[in-house]
Amino acid sequence: MEFHLPLTKTTWLLRAGAPVAVLALALTACGPFGEKGDTSENARHTSRSDVTDGHQGGAQKVGMRSDGERPLQPGQAGTRAFKEDTGVEPTYRIAVRKVDIGTAAEAKALAPDPADAEGMVPAVAYVKYTHLRGATVKEFPRVGDYAEVYADGRRGAKVTGTAGRPKGCADPDEIKNWRNGQSYLLCNTFLIPARARSVKVMWTEIGGKPFVWTF
């Protein structure tokens, strides 16, 4: 399932191991779609954020890296060659910085039929991609399309479209001549169950081994 309507504001401060639905902690700081100083429910935000920026290997399956260690932590990175639609195959460093969780009201605003979003909240994955080496990506990089949010082991429903892109996130369709050493923050939004206890982000190309981050 995919939805094509814009995000509004995000909510709460997410704490590890607690259900999303019970984390109604009001904040006065800006969320990605909120305004500073707004303490209404729609301006609260939850965030599971980054820690280090280390390099780790790929995973054999969701929740386990190829070396059998624990999944990647927020901010840790995996490195992978990726063949773009234009035919070039640069090597990227991929690191999930954080996941922001929204409100049930926001989820209903994202769905064409609010009933489709009953019991759901939006989860936005913020992923930093760095072009390490290889040919320049002249236009339309698709590497960012492959980051997905999972809640309690199930993939969320992806929200597509540009109107709800959080502040600070790049539009991949506007990226031109992506060269070695350049980085972009690309973001994907999924609807997940409001009471999910486990949130993971997985990046994998079709048929490839995934990188998995736990939050």
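**Note on the predicted chain**

1. Of the contacts (heavy atoms within 4.5 Å) with a separation of 6 or more, 70% join residues 24 or more positions apart. This is a predicted model: local features need pLDDT of at least 70, side-chain atom pairs count only at pLDDT 80 or more, and totals for chains, interfaces and linings use all residues. Residues are numbered from 1 along each chain as its sequence is written, and side-chain values use heavy atoms, without hydrogens and water.

2. Of the 215 residues, 48% are buried (under 20% relative accessible area, with a 1.4 Å probe and protein chains only). The chain exposes about 10,000 Å² (Shrake-Rupley method, 1.4 Å probe). Carbon and sulfur atoms supply 49% of that area.

3. A123 belongs to strand β8, residues 120-133. Its relative accessibility is 0%, so A123 counts as buried. Beyond its neighbours within four places in sequence, A123 contacts V99, D100, I101, V149, N188, T189, F190 and I192. I101 is 22 residues from A123 along the chain, yet their C-alpha atoms are separated by 4.5 Å.

4. Q76 sits in the loop between β5 (64-65) and β6 (77-81). Q76 is buried because its relative accessible area is 14%. A polar atom of the Q76 side chain lies 2.6 Å from the backbone nitrogen of Q73.

Key
Helices (H or I, at least four residues) and strands (E, at least two) are DSSP runs, numbered from the N terminus. Buried means under 20% relative accessible area, exposed over 50%, partly exposed in between (1.4 Å probe, protein chains only). A polar contact is a pair of N or O atoms within 3.5 Å; within protein, one must be able to donate a hydrogen and the other to accept it, and residues adjacent in sequence count only if both atoms are side-chain atoms.
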